[in-house]
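The plan is to pick a few spots, look them up, and jot down what turns up.

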Amino acid sequence: MAQDRKSHYRNISRVDFSRPSAIDPSSISYKLFTKNSSPKYTILTEENIELAEFGNDAKTIVLMHGWASSDASPWFNPLKDAYLSYANHNVIFIDWSKYANMSYGQSCANVQPVGEFIANFLIRCGVPSQNLHLIGHSLGSQLAAFIGKAYKKKSGKKIGRITGLDPAGPSWSNESMTEEERLNEQDANFVDVVHTDIQIYGFTYPCGHVDFYPNGGTNQPGCPDDDQNENCNHHRATKIFIESVNKKVEASEVDFKEDDEFNVFLTPKKTKFQVAVFGEHVDTSVRGVFYFETNRSEPFL
């Protein structure tokens with residue numbers, strides 16, 4: 001049974017990019033938060049985008065929700081608050097819920113055209129590409145990838161950083177999917193990925209410059225063991241990343257291996273051992289796969 005479950009995710013039909021929905025760009029909403037926002041946030045539109053007041057040279061954090069969700073996702077506000085309390089950041093909530101709340105296969109197909117429209121919008125924002133940091137959870141991670149691909153194609157520049165929080169695995173893990181068709185290290189100048197629910201809802205394999213596998217990437221401490229609660233593992237990536245904004249935790253380098261029975265092994269490096277800070281404060285020059293352990297309940301780090 002366990003092996004069937006481990007192999008099942010790779011046999012789900014690949015993403016069919018040939019059948020996206022007709023996308024209305026005005027159905028995608030953008031809320032801008034700054035340290036001194038008054039009112040609470042500014043709704044960015046095609047009409048006011050070039051007049052929006054972004055903090056000079058401030059890092060701009062762009063948050064993307066996953067499938068069957070919206071910008072009311074429970075991790076948006078805590079992460080925004082963490083960033084605004086830490087430094088003078090801009091934070092943008094993207095709501096693409098009209099196209100993320102369809103069937104899973106349809107929503108997956110939609111990330112490509114939605115990503116192109118969001119890339120156009122971010123280019124018009126005028127924020128320097130190196131100051132852009134896209135953070136997506138689950139299907140939002142794959143959306144971030146397509147924003148990065150389109151941004152580079154349209155502007156000739158790469159987005160500064162993409163963080164994938166347990167990127168969506170079903171369909172994206174199909175063996176026929178190429179790197180160019182999903183999140184990979186070419187999508188930004190730096191791509192870091194957090195894996196907390198591999199072989200179920202999350203993407204199993206390393207796909208960034210740096211990939212973190214807390215607690216081995218599955219069965220997160222404090223999450224129920226039964227199959228009905230795997231979203232706990234899937235969402236743990238968001239919770240520990242939020243904590244990383246104001247806390248630094250070190251992770252140890254490991255080798256990643258999957259055997260013929262789909263068992264994943266993370267083996268400590270025996271030579272040229274590296275240590276990396278997890279999360280927001282990771283050294284963007286570091287490369288590799290890393291492991292660390294968390295607590296069963298908050299604070300996890």
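**Asparagine 131.** I began here and found asparagine 131 buried, at 16% relative accessibility; buried means under 20% relative accessible area, exposed over 50%, and partly exposed in between, with a 1.4 Å probe and protein chains only. Asparagine 131 sits in the loop between α4 and β5. Helices (H or I, at least four residues) and strands (E, at least two) are DSSP runs, numbered from the N terminus. Which residues does asparagine 131 touch, leaving out those up to four places away in sequence? I noted Asp57, Ala58, Lys59 and Thr60, where contact means heavy atoms within 4.5 Å.

**Ground rules.** This is a predicted model, where local features need pLDDT of at least 70 and side-chain atom pairs count only at pLDDT 80 or more, while totals for chains, interfaces and linings use all residues. Residues are numbered from 1 along each chain as its sequence is written, and side-chain values use heavy atoms, with hydrogens and water left out.

**Whole chain.** I counted six helices and twelve strands in the protein chain. The C-alpha atoms fill a box of roughly 55 × 40 × 35 Å along the principal axes. Of the 301 residues, 53% count as buried. I also looked at contacts between residues at least 6 apart in sequence: 75% of them join residues at least 24 apart.

**Cores.** Next I looked up the nonpolar cores, meaning sets of buried Ala, Val, Leu, Ile, Met, Phe, Trp, Tyr and Cys residues joined through side-chain atoms within 4.5 Å. The largest has 47 residues, and Ile118, Leu122, Leu134, Ile147 and Trp172 touch the most other members. Elements giving two or more residues to this core include β1 (29–33), β3 (60–64), α4 (104–125) and α5 (139–155). Which element gives the most to this core? My note says α4, with nine residues. I then followed isoleucine 118, which touches Ile28, Tyr30, Ile94, Leu143 and Ile147, not counting residues up to four places away in sequence. Apart from this core lies another, of 32 residues, and Val194, Phe241, Val249 and Val286 are among them.

**Lysine 153.** Is lysine 153 buried or exposed? I found it exposed, with a relative accessible area of 76%. Lysine 153 lies in helix α5. Its C-alpha atom is separated by 25 Å from that of lysine 31, 122 residues apart along the chain.

Most residues other than glycine have a negative phi, and most peptide bonds are trans. With that in mind, I made a list of exceptions.

- Serine 138 has a positive phi, near 55°. Serine 138 is in the loop between β5 and α5, and counts as buried at 12% relative accessibility.
- Asparagine 215 also isn't a glycine, yet has a positive phi of about 55°. I located asparagine 215 in the loop between β8 (210–212) and α6 (230–244); at 16% relative accessibility, asparagine 215 counts as buried.
- Glutamate 298 and proline 299 are joined by a cis peptide bond, with omega about -5°. Proline 299 falls in the segment after β12 (288–291).
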